[in-house]
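Let's take a walk through this protein together. Keep the 3D view open and find each residue as it comes up.

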Amino acid sequence: MAASEENSALFPIFVLTLMALPLVPYTIVNLFGAFKKKAAKINCQCSVCVRSGKYHKSIFKRISNFSTYSNLTLVLLWVVMAVLVYYIKHISTEFQIFEPFNILGLEHGASDSEIKKAYRRLSIQYHPDKNPDPEAHSYFVEYISKAYQALTDPISRENFEKYGHPDGRQGLQMGIALPQFLLNIDGASEGILLLGIVGVCIILPLTISVIYLSRSSKYTGNYVMHSTLAAYYHLMKPSLAPSKVMDVFIKASEFMDVPVRRTDEEPLQRLFVLVRSELNLDLKNIRQEQAKFWKQHPALVKTELLLQAQLTRETAALSPTLQRDFRRVLELAPRLLEELMKMAIIPRPPVGHGWLRPAIGVVELSQSVVQAVPLTARKAAGGSSEGYAPFLQLPHFSEAVVKKIARKKVRTFQDFRDMTPDEREDLLSQVAGFSNSESHDVEMVLKMMPSVTIDITCETEGEEGIQEGDIVTMHAWVTLNRGNGLIRALPHCPYFPFDKEENFWLLLADSFSNDVWLSQKVSFMDEATAIIAVSKTIQESKEGSGASAREINVAVKEAIEKVKNGSRLVMGKFQAPAEGNYNLSSFCLCDSWIGCDAKSNIKLKVMKRSRAGTRGGLTADETPVMEDGIEEDEEEEEDDYDDYESEYSEDEEDTKETKSKGAVANGSTHNKGSGSSSDESGSEAD
């Protein structure tokens, strides 16, 4: 019985050990990550962002940020561990090691007379005839009597001195560290044990499974409803104009769940007046258009007005209840826009290509939402093909400031970025009337803006040239540079109330046919994952080509160094189309910054497959020479691209630059791009 009680007392220690093994390292990793994240200043430090309070952690904001399910669970587990430690500390004193001399209150080596006197003294105190307390009786039988016998009986004393126990050598005892009531299977205890087994082993897993399946049946892995993906897939059209992307975007089921209240009618009416010019209403039939707008589903009307409030920065007109709905809509926007982008570039039968025009429109909408810039600001105006939208993402800039600096022949955003800091400061102070601190804020944001370069090749691995039907492999190194030297950073977006990571979309597309051949999302936020991916990719590629171990190690080290310097490797495969010359374009589109996209042209030459399947050298007629006819074809196809170019970011200068600089054949181009008027260069090869 005593042994079972001791085993039962070990149950809290057993539970404490099971909890501590995963909990302690998990807590250390979380704390280390939190301190590391806190130490890295990757957000904008301009005065506009500081005043917005977006990155200022007040005591209430810290508590709300901390009060996540994972953090609260972590704290609860540590509280349980503290209670167990306190409990174990106090119950451990109740169990004593059998020491006869200590039990009788004697020192080692006491005489027989002293032992008898101590026994009589304790008998008066604990003997059942003297003390009716059951605990006293138990203590007298279990400890005092055994101690007296161990010290007075010659055999027991000899066993105690030799083996530490009056009964002699003790065999190995096994026990179970479970509570005593679980070990006594009788009556009520048996029922409790059965209920515990059924509850923990059957009911609890079943409940968790039902909850998980009920949620997973509605949501994808990106926490987007399946009904939203279905709606986006069916509403996406190849000719979808960027101005119409908003109409598709607001059809998400998540937005339909935003509550519609009668008290919101008046604030929404006032908001409608403020953003009416952004709603693409026909001014000739304005009354009919307004009536048609309000006849839509109330949730759609509310969602579009709240999004337009973000784009036009008219959030001050929102009531407190609308402010909560506004934050909810913006919280959902990034992942819904990402899924909408996937629906635009998803391969569609029969060709198996995505669509370029709606993809560009989705990215432009994402940029405008993050930077709080109206879509109409992207329309070509004056001498700028990109409008004044890129300027509005800079602090202290407005449309009036853009018009002032345009008089000084600074009409494009790239012209403004290409100026030296001193020239910009003089321009802003003398023409726009900026103070030194305001000019410093502009300079700080410009240094945060990324500049992207693309080094892309398309080839058939192990073969010369590309023949129709070949599996073509695209290798693209996307490199990001900033003026402040950072690689991992959060964009300047003081009007977007949540942290937003930069994401880039690399598209290999045929602008003439509006087809996206390859697409991949690129992120510069996680360097460790990028190093693992590029190491595996380079190693597999080199092993497939028969390289030696030393060559593989050198190539992997070079790739890792490029990743650390701000590059990411993007690979993809596609099947070569029919014989002919294809003028492709590679786009690197940023979902957070306006005017930081990169574009380059690639001329892909696909040869007719020979009957023998061999690849001979090029004949004299096939020598890759930039002929006048080829240039004219390329110019005509790039002019046709305007039919599919975004109406908010048309690039009139791109065509002129391409005419003079040429294109690249079969996947070899190194291009630097920043904005829609990126430089284009290349050489033609087989």
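Start at N280, which sits in the loop between α15 (265–275) and α16 (286–294). Helices here are DSSP runs of H or I with at least four residues, strands are runs of E with at least two, and both are numbered from the N terminus. The model is predicted, so local features need a pLDDT of at least 70 and side-chain atom pairs count only at pLDDT 80 or more, while totals for chains, interfaces and linings use all residues. Residues are numbered from 1 along each chain as its sequence is written, and side-chain values use heavy atoms, with hydrogens and water left out.

With a relative accessible area of 43%, N280 counts as partly exposed. Setting aside residues up to four places away in sequence, N280 touches S243 and E289; a contact means heavy atoms within 4.5 Å. Look for K244 too: its C-alpha atom is 9.0 Å from that of N280, although the two are 36 residues apart along the chain.

Now zoom out. The chain has 28 helices and 9 strands, and buried residues make up 43% of its 686 residues. Take the contacts between residues at least 6 apart in sequence: 69% of them join residues at least 24 apart. As for the surface, the chain exposes about 37,200 Å², and carbon and sulfur atoms supply 56% of that. Those areas come from the Shrake-Rupley method with a 1.4 Å probe, and for residues only the protein chains shown count as cover.

Next, pick out helix α8 (residues 134–152). Its 19 residues reach 26 Å from the first C-alpha to the last, close to the 27 Å expected at 1.5 Å a residue. That expected span is 1.5 Å times one less than the number of residues. Still, α8 bends by about 40° at F140, where the bend is the angle between axes fitted to the seven residues ending there and the seven starting there. F140 is also one of the buried residues of α8, along with A136, I144, A147, A150 and L151.

On to the aromatic rings. A pair of them is described by the distance of the centres and the angle of the planes. Rings of Phe, Tyr and Trp (its six-membered ring) pair if their centres lie within 6.5 Å; planes under 30 degrees apart are stacked, over 60 edge-to-face, and the rest tilted. That gives 17 aromatic pairs. In one of them, the rings of F397 and F416 have centres 5.8 Å apart and planes at 75°, so they are edge-to-face. F397 is in the loop between α20 (389–392) and α21 (399–406), while F416 is in helix α22 (residues 413–418), 19 residues apart.

Finally, the cysteines. How many disulfides are there? A disulfide is a pair of cysteine sulfur atoms within 2.5 Å, and the count comes to 0. C493 is in no disulfide, as the nearest cysteine sulfur, that of C49, is 7.0 Å away. C493 is buried, with a relative accessible area of 1%. For C588, the nearest cysteine sulfur is that of C590, 8.0 Å away, and C588 is buried at 0% relative accessible area.

How values were computed: Buried means under 20% relative accessible area, exposed over 50%, partly exposed in between (1.4 Å probe, protein chains only).
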